[in-house]
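Please read the following explanation alongside the model.

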Amino acid sequence: MNLLEALLLGIIQGLTEFIPVSSTAHLLITQRLLGIPADESTFSFLVIVQLGTLVSLFIFYWKDLLNILIATLNFLAALVKRNASSGPSTDAWLGIYIILATIPALLVGYVLRDAVEALFRQPMLQAAMRLFAAAILLSLAERFSRKNRSLNQMNWLDALVIGFFQIIAVFPGASRSGTTISGGMLRGFDRPSAARFAFLMSVPVMLAAGGYEMLDVLQMPNLGTFLPLLVVGFVSAAITGWFAIRWLIDFLGKRSLYGFAIYCALVGSTSLVVYLLQ
């Protein structure tokens, strides 16, 4: 991998992490087209570059995240001291639901980490499978969702169900935003509410995955040559990710998910054909 390839991968990561078309699938396809080897260094790059989009998420939602964090910590502190005079605030409940929704994916990601890494060695097949899955989920969510609930109506069961949808995103090629937005909509939430919770709940998982992978990167013998590639990919993902979030939130307030479903089906079919012709 060279700097230009790292820049391209970072831009693709930033544009597709939040748009429900599977950032990993697009990275796997690009990796295959550019002839980048599917080794441990590439796997580390693809995981850590997600931290760039996490930065764009922090910048876009910094007020929400700060309010949720403070409210949740205050409530937990009051609970420990047994002086909570009232129940959690709206922000504290949202923080609790994010924690609850995060637990399934963190457990599965930790237990199956080696198996997930092995799947990256068949990039076109995995991309095709996960893009087809995204197309089906997005279509089902758009077709069967009532779309009449907002986040202030969320309960613990909603959070847990959406959390189990996030398990799908642990595997390469699956769309994190696509699966979790679909999970939220299938619980009856409107598109903007489902997207907002999907983005907020992705913070702990992305932070844990990137931080865990960073430990391996720091032990790499060729870290000096690999680090500039990470920096280029990280920065380009952060910049493009912010614009992608802003565009998608506006889009979901007016349009359906069917266009993304059709796109995933078309790109998935192309990936499958390429894999079969290899």
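Leucine 33 counts as exposed because its relative accessible area is 65%; buried means under 20% relative accessible area, exposed over 50%, and partly exposed in between, with a 1.4 Å probe and protein chains only. This is a predicted model, in which local features need pLDDT of at least 70, side-chain atom pairs count only at pLDDT 80 or more, and totals for chains, interfaces and linings use all residues. Residues are numbered from 1 along each chain as its sequence is written, and side-chain values use heavy atoms, with hydrogens and water left out.

Leucine 33 belongs to helix 2. Helices are DSSP runs of H or I with at least four residues, strands are runs of E with at least two, and both are numbered from the N terminus. In space, the C-alpha atoms of leucine 33 and methionine 124 are 9.6 Å apart, although 91 residues separate the two in sequence.

Helix 2 covers residues 23-34, and its 12 residues should span 16 Å at 1.5 Å a residue, which agrees with the 16 Å between its end C-alpha atoms. The expected span is 1.5 Å times one less than the number of residues. Helix 2 is mostly covered, with 9 of its 12 residues buried. These buried residues are Ser23, Thr24, Ala25, His26, Leu27, Leu28, Ile29, Thr30 and Gln31. After helix 2 comes glycine 35, with a positive phi near 75 degrees.

Which residues of helix 5 are buried? They are Leu65, Ile68, Ala71, Thr72, Phe75 and Ala78. An α-helix has 3.6 residues a turn, so residues three or four places apart point the same way.

Next comes a pair of helices. The axes of helix 10 (residues 176-186) and helix 11 (residues 191-217) come within 8 Å and cross at roughly 130 degrees. Axes here are lines fitted to C-alpha atoms, for helices over the stretch in contact, and angles run from 0 to 180 degrees between N-to-C directions. Helix 10 and helix 11 are therefore oblique to each other, as angles under 35 degrees count as roughly parallel, over 145 as roughly antiparallel, 65 to 115 as roughly perpendicular and the rest as oblique.

From helix 10, Arg176, Ser177, Thr180, Ile181, Gly184 and Met185 meet residues of helix 11, including Arg191, Ala194, Ala198, Phe199 and Val205; contact means heavy atoms within 4.5 Å.

Two further residues differ in setting. Aspartate 158, in helix 9 (residues 156-168), is buried, with a relative accessible area of 0%. Leaving aside neighbours within four places in sequence, aspartate 158 is in contact with Arg149, Gln153, Arg187 and Phe189. Phenylalanine 243 lies in helix 12 (residues 223-252) and counts as exposed, at 52% relative accessibility.

For the chain as a whole, the secondary structure comes to 13 helices and 0 strands. Of its 278 residues, 51% count as buried. Among contacts in the chain with a separation of 6 or more, 82% are between residues 24 or more positions apart.
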